Every structure is written in C-alpha cells, then in structure tokens.
Amino acid sequence: MPKLLVLTGGGDCPGLNAVIRGIVKRSQKEKDWEVYGSIEAFNGVFREPNELVKLTRRRIAGIHVKGGTILKTTNKSNPIKYPVEMPDGTIKFEDRSDELVTKLKRLGFDAVINIGGDGSQKISKTLFDKGIPIIGVPKTIDNDLSATDMTFGFQTAVQIATDSFDKLVTTAESHHRVMIMEVMGRDAGWIALYAAIAGGAEICLIPEIPYDLNKVLKRIESRYKNGRGFVNIVVAEGAKPKDGAATFSKAAKGSEHVKLGGVAFTLSHQLREAGCKAEIRETVLGHIIRGGTPIAFDRVLASLFGVKAFEMVLDKEFGKMVSFKNNDITTVSLEEATRKYNFVDPDSNLVKAARGLGISFGA
Ligand code: F6P
C-alpha cells in the first residue's frame, strides 16, 4: 500500500485543516493510499517512538471549518537548523537533515506533502535534493511568497484586521483620539495595506515605505480643529522610520528568527516626543489575526491546494509547490518557490489607489 506523509510547519494559519482534508479526501478516491500526519512538523518523525497519526475519514470530517492545525506545528524544528539546548542554557543549531532523510526512508513513505511558508519550503527543497519525493503547499498569513499570487490565511487575517479596525474607528471618533492598530506581516505590508483600504484608514505605515515622522504628524494635525477630530492608523509590525530600524521584541528561545512587535508603541512615543497634542491609544492585534475559523475564500483556496497536492503525488510531480496564479491552481518548482519574497511595490496600482483614497504612507 502506498503511504503518504503530511505535515504542517512554521506558524499556524487559518486554512491548514482545509488543506489536510483536501489531501485526504482526494486520496480516498484512489484505492490503496494510506495518509499519515506527522505531529508538530517533522518532530513526529524525529521522536522515538514516532508521533504519526493515520488520517482517516473520521479524523478529517468537518475540520475545514476549524482554525489552527489538527497536526500541531512549530517554528522551532527546522531539520537544517535544529535548536539544541546546551548544558549552559544556550542554543546551538544542528543540521539533522540527513538523519531525517534516513528516518523517512526507513518509515517507507512514498511521498511527503509539506504545508508551510518560505522556511518550510526551503526545508522541502533540501529534502528533495537529498532524494525525498516531496511536494510543498504554500501557507502564510503574511502573503509574502512570490511564486503564488495569494496564500490561504491572508484574506482571513485581512478580515480580522478590518473588523478590528472598524471597532477602533467608532471609539476614536467618540474620544477625538488617534488610534494606532498594529498588525502582523513580518517584513511585508500586505495585511496592513489591505486593512487600511478596507477600513478607510487615514494613515498606513508599511515596511516597504519607510515613514517620515513629520509627515505622519502633519496628517494627524490636518484632521484636528480646536482639539476635535480623530485619526485611525494601521501600522505593519515591520514598519520603520526613514533612517531608523524596525521594532523588535524578544525572540522565543530556540527560534531562528528575530521577533517583530511593538511598533505601535514606538510610533506613539515618537509622535508624543514630536509634539503631537492628540490623545493616542495603541492596539496590537498580535496572534488574534491568525486564529479562529478561516473565511470562505481561504477554505476554498486551501481545499483546492490540498486536492492538487495529492494529484501531484499521483503524477509524481515531486520537487514542486502548488501555486495560485492568474486565478488558477498550478505548480512551480521548489527552486522558484523559494527564490524571492513578495513585498508591496511602492509604485504598484494598489499603493497608488490607496493614495488616491487619501491614505497617507507618511512619505
Ligand atoms: O509569519 C507569520 C507570523 O504570524 C508573522 O506575521 C509574525 O511576525 C510571526 O509569524 C509571529 O511568530 P510567532 O507565532 O512565533 O510569534
């Protein structure tokens, strides 16, 4: 009986369960396939005894509606840079990819589907180069993968950000306040930009367009008369001032990535220092933005990705990633999938339209 291994890696994202369900449902249309899930990315394979679950019809029933991932996930188990705690408490990163390849072969998997973001797909590429028949499914709320027009989870994050923004508008208006709403997105400003357009923000600050504090202040002041007025700002967590750095918070132990967060407070401090008279409040949406149930668009995209990924297994299209291009589901090589990031182009029509709507980027 052919055996398929499925796993979710990196940060969770609404729609992961819909991908898993899509893979398993499609596999059940073929006679012999058995599908297993590795718990917590590749940790389920590393652990002895292994932590693998058989993905039966029962296990996947109705899961497309649920956020998170039934397989659990982690962003601290990159097989190429695996964090190992030393006796003195420091972390050393080890390459355990050869050990993983040996284990996957010993377990007799005929194919692996790795659902994850850019980091996970780099792992897929390494494993493919080492002989593992692997397929990637792109995932991230940040929408920063260039080989796909959109990733599932992004639209849900935008919806949550927009719903939150709408609530902040009414309270900003009631109190004549400046409301700063910080959203995730790492080095990409997609979530912030979409939410700013959808919500009707006065100011949107994104990493791709470093801001000039004086311009931000001027825009705020233009909205006040005799102390009355209000302003709603959306700031992407990676936003930074011209000639300044992004705001970092403490990275979790064992994580290979620096952790962004807190720019809403940096900005309000900068504005006060620069003489902003209006009262300012900060809201950091944090992980709320990637929790809960995926919206319909993400469920559909994720389901299509799942079905396609299994069909790629049948067609032995290994070393590739599923992709959404020009309103269609297609495939790209893992090489291409991991080549570059997808950032907001400051000269794009999207940014031009936002400017046309009166949104200031502080630049
Ligand atoms: O990449 C997804 C993301 O949610 C980013 O937007 C954010 O910077 C990061 O993950 C947060 O990571 P963690 O869940 O480890 O705090």
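The protein chain is divided into domain 1 (3-152 + 294-337) and domain 2 (156-290), with bounds taken from an automatic or database domain assignment. This is a predicted model, in which local features need pLDDT of at least 70 and side-chain atom pairs count only at pLDDT 80 or more, while totals for chains, interfaces and linings use all residues. Residues are numbered from 1 along each chain as its sequence is written, and side-chain values use heavy atoms, with hydrogens and water left out.

**Extent of the interface**
- The C-alpha centres of domain 1 and domain 2 are 33 Å apart.
- Contact (heavy atoms within 4.5 Å) links 19 residues of domain 1 with 16 residues of domain 2.
- Between them the two domains bury about 1,500 Å², of which 57% is on carbon and sulfur atoms; buried area is the accessible area (1.4 Å probe) that two parts lose on being put together, summed over both.
- On the side of domain 1, Lys76, Ile141 and Asp142 lose the most area to domain 2, together 32% of what that side buries.

**Polar and charged pairs**
- One salt bridge is counted between domain 1 and domain 2, the term meaning a side-chain nitrogen of Lys or Arg within 4 Å of a carboxyl oxygen of Asp or Glu.
- A salt bridge joins the side chains of Arg290 and Asp12, at 2.7 Å from N to O.

**Domain 1 side**
- The residues of domain 1 that touch domain 2 comprise eight nonpolar, four polar and seven charged; Ala, Val, Leu, Ile, Met, Phe, Trp, Tyr, Cys and Pro count as nonpolar, Asp, Glu, Lys and Arg as charged, and the others, Gly among them, as polar.
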